[in-house]
Amino acid sequence: MPHDGEEFTEPPSDPALRVKALESLLVEKGLVDLEALDVLIDTYEHKVGPRNGARVVARAWVDQEFKLSIQKDCSAAVKKVFGFQGRQGEHIVAVENTSKIHNVVVCTLCSCYPWTVLGLPPVWYKSAPYRARLVQDPRGVLAEFGTCIPEEKDIRVWDSTSEVRYLVIPERPIGTEGWTEEKLSMLVTRNAMIGVEFAKEASS
Amino acid sequence: MNKKAYDLEEPVFDEPWQAQVFALAVKLSEDGLFTWKQWTAAISYEIQNAQISSDPDLGDTYYEHWLNALERLVYAKGVLNIDEMTERKEAWRKAYLQTPHGIAVQLKKT
């Protein structure tokens, strides 16, 4: 315990201590390498994120052939065209929103998510209320995001698993004819690619 | 749930340990200690456990589930045992308490 007049370091939280214990033991046993862990963390903190997916969507909006290729085999097409590949990027299925169908994605069991195109999932995606309620009441949950789906439009809820993950291709906003892919990609948000929102409007 | 909660742009990890435990599980799976299917089964189990013990499970405890799942898996695979872990955790706790502020905390060699 701290002595008089000397400031000692307060131990971190219980989970932080458990992770330190786990990590130091696994390193000693030669099962993990600290440098490799750092590279992995840097990748998910700084390199992989929803901007990847936004580029895929923008391309799909302007290039019919590319759109068909991602509908056929999304993982292979994004790997070929953009070089996005790797963990949790296998077996991505692209689902396209249309005037008749709105797609939205959940992982009812845990938080399966297409990391290669969206990065790591937001906190709410991992929350029990979202996971449990989206299937029961998709219209109600979407309304809480401010997304009102007309009654005549079907909502399809896709349950991600460790084997299949989904990427929603939102509808291209009106008034964006002739826009460059880069400008279009700015309208594509993470939430739009999960399907809880629409792409931003052209005037935004 | 309200719209505001959904709107928050949060950092990828709230605390460094979350990043560490995330990376440990991904790496160990890649290196073949367990398949990703086993991993999702393990974390789903922990999530259900937490909910049974009345965790509202709003996503903010997600990496605690992740840590519980990883501990359970490494014990099940026989890579580590619970006594080693308890002992090592205590060693780190003491190392903090014995290290003056501002100096990097290190484990004492025993």
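This is a guided tour of a predicted two-chain model, chain A with chain B.

**Before you start**

Residues count from 1 along each chain as its sequence is written, and chains are lettered from A, with ligands numbered from 1, in the order in which they are written. Local features need pLDDT of at least 70, side-chain atom pairs count only at pLDDT 80 or more, and totals for chains, interfaces and linings use all residues; side-chain values use heavy atoms, leaving out hydrogens and water.

**Stop 1: chain B on its own**

The average is 88, and 89% of the residues score at least 70. Now select residues 1-8 of chain B. There pLDDT stays under 50. The model has 20 contacts (heavy atoms within 4.5 Å) for this stretch beyond four places in sequence. Where pLDDT is low, the predicted coordinates should not be read in detail.

Switch to cartoon. Chain B shows 5 helices and 0 strands. Both are DSSP runs numbered from the N terminus: helices are H or I with at least four residues, strands are E with at least two. The order from the N terminus is α-α-α-α-α. Of the 110 residues in chain B, 44% are buried. Buried means under 20% relative accessible area, exposed means over 50%, and partly exposed is in between (1.4 Å probe, protein chains only). Among contacts in chain B with a separation of 6 or more, 47% come from residues 24 or more positions apart.

**Stop 2: the A/B interface**

Show both chains. On one side, 59 residues of chain A make contact; on the other, 61 residues of chain B. The area buried between them is about 5500 Å², with carbon and sulfur atoms giving 67%. That area is the accessible area (1.4 Å probe) that two parts lose on being put together, summed over both. Select A:T9, A:R18 and A:L22. They supply 12% of the area that chain A buries against chain B, more than any other three residues.

Next, look at the polar side. The interface holds 17 residue pairs in polar contact, both residues at pLDDT 80 or more. A polar contact is a pair of N or O atoms within 3.5 Å; within protein, one must be able to donate a hydrogen and the other to accept it, and residues adjacent in sequence count only if both atoms are side-chain atoms.

Which elements of chain A give two or more residues to the side that touches chain B? They are helix 1 (14-28), helix 2 (34-47), helix 6 (128-136), helix 7 (138-144) and helix 9 (190-194). Helix 1 gives the largest share, 14 residues. By class, this side of chain A has 32 nonpolar, 9 polar and 18 charged residues.

**Stop 3: salt bridges**

A salt bridge is a side-chain nitrogen of Lys or Arg within 4 Å of a carboxyl oxygen of Asp or Glu. Between chain A and chain B the count is 7.

Select B:R88 and A:E28. Their side chains meet in a salt bridge at 2.9 Å, N to O. B:R88 lies in helix 5 (residues 82-97) of chain B and A:E28 in helix 1 of chain A, so the pair joins two chains. B:R88 is buried at 14% relative accessibility, whereas A:E28 is exposed at 54%.

Move to A:D42 and A:K47. This salt bridge also has an N to O distance of 2.9 Å. A:D42 is partly exposed at 28%; A:K47 is exposed at 57%.

Then pick B:E90 and B:R93, bridged at 3.0 Å. They sit 3 residues apart in helix 5 of chain B, about one helical turn. Salt bridges that share partners also join A:D14, A:R18, B:E71 and B:K89 into one network.

**Stop 4: two buried residues**

Select A:N103, in strand 2 (residues 101-106) of chain A. A:N103 is buried, with 2% relative accessible area. Its side chain makes a polar contact of 2.8 Å with that of A:W158. Beyond four places in sequence, A:N103 touches residues including A:V95, A:R156, A:V168 and A:I194.

Finish at B:S44, in helix 3 (residues 36-52) of chain B. Is B:S44 buried or exposed? B:S44 is buried, at 7%. Its side chain reaches the backbone oxygen of B:T40 at 2.6 Å. Leaving aside neighbours within four places in sequence, B:S44 is in contact with A:L109 and A:C110.

Conventions: Nonpolar A, V, L, I, M, F, W, Y, C, P; charged D, E, K, R; others polar. pLDDT = per-residue confidence, 0-100.
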